[in-house]
Structure formats: structure tokens, C-alpha cells
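Thanks for coming. I will take you through some side-chain contacts, charged pairs to begin with and then aromatic rings.

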Amino acid sequence: ATGVSLHEALLQNRLDNARQLLGETDLPLKAVAHEAGYANVHFFSNQFKARIGFRPRFIAEVGKSKIT
């Protein structure tokens, strides 16, 4: 056992995928949220900040320099 619930693992996987999209593409935030399975961009942004530690827009702005 990894000590992480299936729910937590799925959330982390979705946000990791979103972080990659933000850093490597020019997709708008709404499209990234949708690709990560979030219908509400504000909720996605708050979840991203809480779990990743940065706002999605920050990752999008500096992601090209591989801070992620």
C-alpha cells in the first residue's frame, strides 16, 4: 500500500497532467481545466494552488523555463 487513497491519487494525476499542459502548451486556462476534468475554472485554480503550491497562471507564465 502506498498510503494514498485512490481518490487522492486520481486528483494528483489530474493536476500533474494540468501542470504539464500549462507548462508545455499555450492552451487557455479554461481548456486546461476542462482537460483535467474540471468544469469550474475557479475551483480548478483553487485545487491547483492548494495541491501544487502555485497558481495555474504562474505555471503557464514561467512553465516554458521548466520550473515545474
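A salt bridge here is a side-chain nitrogen of Lys or Arg within 4 Å of a carboxyl oxygen of Asp or Glu. Please keep in mind that this is a predicted model.

By that rule there are two salt bridges. One joins the side chains of glutamate 8 and arginine 51, with 2.7 Å from N to O. This pair links distant parts of the chain, since glutamate 8 sits in helix 1, residues 6–24, and arginine 51 sits in helix 3, residues 41–52. The two residues are 43 residues apart.

How far apart are arginine 19 and aspartate 16 in helix 1? They are three residues apart, so about one helical turn separates them. Arginine 19 has a relative accessible area of 25% and is partly exposed. Aspartate 16, at 28%, counts as partly exposed too.

Now the rings. A pair of aromatic rings is described by the distance of the centres and the angle of the planes. Searching the whole structure gives four aromatic pairs. One of them is tyrosine 38 with phenylalanine 44: the ring centres are 5.3 Å apart and the planes meet at 55 degrees. Why is this pair called tilted? Planes under 30 degrees apart count as stacked and those over 60 as edge-to-face, so a pair at 55 degrees falls among the rest, which are tilted.

Tyrosine 38 is buried, with a relative accessible area of 6%. Phenylalanine 44 is buried as well, at 0%.

Phenylalanine 44 also pairs with phenylalanine 48, and that pair is tilted, with 5.7 Å from centre to centre and 55 degrees between the planes. Both residues lie in helix 3, four residues apart, or about one turn of the helix. Phenylalanine 48 is buried, like phenylalanine 44.

Which residues do the ring pairs link into a cluster? They are Tyr38, Phe43, Phe44 and Phe48.

One charged side chain comes in here as well. Arginine 14 lies over the face of tyrosine 38, at 4.5 Å from the ring centre. Tyrosine 38 therefore has a ring partner in phenylalanine 44 and a charge over its face from arginine 14.

Definitions and conventions: Residues numbered from 1 in each chain as written. Predicted model: local features only at pLDDT ≥ 70, side-chain atom pairs only at ≥ 80, totals over all residues. Heavy atoms only, no water. Buried < 20%, exposed > 50% of the residue type's maximum accessible area, 1.4 Å probe, protein only. Phe/Tyr/Trp six-rings, centres within 6.5 Å; stacked < 30°, edge-to-face > 60°. Lys NZ or Arg CZ within 6 Å of the ring centre and 35° of its normal.
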